[in-house]
Amino acid sequence: MNAAKIFNKHFSRKRLLQVYDDKIKPSGAIGLDRTRPAQLNARLDEEIDLIIRKVLQRNYRFTAYKEKLILKGATSNPRQISIPTARDRIVLRALCNSLADVYPSAKLSLPQEVIKDLSTGLMSGKYAEYAKIDLKNFYPSIPHSLIKTTIWKKVRKKEFRSLIEAAITTPTVPESKGKKDTPNSTIGVPQGLAISNLLAEIALQKIDSVFIARTDIWYKRYVDDILILAPEGKAEAIANEVVTELKKLGLNPHDFGPGSKSKVASLTEPFSFLGYQVENGEIAIRHESILRFESSLAKIFTAYRHRIASAHSNADLQRARAYCEWKVNIRITGCYFGNKRRGWVAYFSQITSTAQLRSVNHTIRKLTQRFALDGHIKTKSLIKTFYELKRGNAGGHIYIPNLDALDIGQKRNLLAIWIGDKARKISAQHVERLFKIKVTKAIRELEEDIAHTS
């Protein structure tokens, strides 16, 4: 199917309604217009009509994206995340689905699969050196001309092109300021959009394919991190080739030198990649990733302390304990949701020793004792989770919850932990909607545990 037919398929009324129901409605993200996604439901037919009409007329315009700043530490500038309005998110998701069908090979690999492949490369004995290349301000620096040059080769439909161009030129602004006097963007891909990762991958597919095809090296780029394994004495020259090609595309790789994020060294030196630490042939979890995970667990216990401080009855106390237990255990085991495996252990499933998991298990036991929950909640084990994941059978474990497989009664029981007895009285439809909202938020928190792993 060509790009035009793919685009028409995803921008049909049926597909747009499905996008809203599956992806947008359960979300709590609010754009600059301050409209909650669920509020769109009351006027959904008119909104879909407007989308289709404007897209076909090539004059659909996105509302300025709302800025959200993510702190990256005292020495780094915050990461700017762009939050579209609910209606714009329908359009961006349909646009993402269209691009994914046109460029099926541009989908990001799972980090676990990348590390598994890296492990195979390390064990091959073919390589003695590594090179790491970091791209400065990756998303904000991607030239619009690079995106157009790459994508326009396959995408000739004017409506398709117009929408891509509108999406990347729409500015991101603080909520307090609004769009007034803010010019359109002339460079970069806004982070946080449904299309962000895909556009970046498509733009760099050509250079990646050249170096992946080389049989004398192991090469992988994951977003803004590039890792190369090479035979002795070869890494520096190959890394410089990659840097030269990146600069030709208008990108800004860090130059090699003292203190730089880009580096060439012997494989006898430890290095990190995607949150993993590689040292002496062993693959472990980077220390910072462990600290972040332990901190997220401590916050759950602290939140429990605040909840019991305001408890008015034994029922309130029991619900606070049940909620704490569920939150801690979903952090430990992760879950299956949206047909995907989620969670910290799932992300770090390629480690070669469980010693670090045992250490974190000990931390969890200490937290349980410190907050006087020993004997009141039953926490699960990171070690058992790790081996359950190794068994395969995705979604079929009892130990790791499959939230996709819960029936309406089980969803009510889980909601009762969050909202109390009123979960028993609301309609099945309301249960489904509220369950999806609550679980989506919980999944987002799980993903925060593995954010910024590079």
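Start with H16 and H17, which pass each other in a left-handed crossing (left-handed if the near helix is turned anticlockwise from the far one by less than a right angle, right-handed if clockwise). This is a predicted model, where local features need pLDDT of at least 70 and side-chain atom pairs count only at pLDDT 80 or more, while totals for chains, interfaces and linings use all residues. Residues are numbered from 1 along each chain as its sequence is written, and side-chain values use heavy atoms, with hydrogens and water left out.

Select residues 408–419 for H16 and 428–448 for H17: their axes come within 10 Å and cross at roughly 60°. That makes H16 oblique to H17 (under 35 degrees is roughly parallel, over 145 roughly antiparallel, 65 to 115 roughly perpendicular, the rest oblique).

Now show side chains. On the H16 side, pick out Ile408, Leu415 and Trp418, among others; residues they and their neighbours in the contact meet in H17 include Val431, Phe435 and Lys438 (contact means heavy atoms within 4.5 Å). By class, this contact has ten nonpolar, no polar and four charged residues.

Next stop: residues 13–24 (H2) and 44–56 (H3), which pack at about 125° with axes 10 Å apart. H2 and H3 are therefore oblique too, but their crossing is right-handed.

What does H2 bring to the contact with H3? Select Arg13, Leu16, Leu17 and Tyr20, which meet Leu44, Asp45, Ile48, Asp49, Ile51 and Ile52 in H3. Colour by class and you'll find seven nonpolar, no polar and three charged residues.

Methods
Axes fitted to C-alpha atoms, helices over the stretch in contact; angles between N-to-C directions. Helix = DSSP H or I, 4+ residues; strand = E, 2+ residues; numbered from the N terminus. Nonpolar A, V, L, I, M, F, W, Y, C, P; charged D, E, K, R; others polar.
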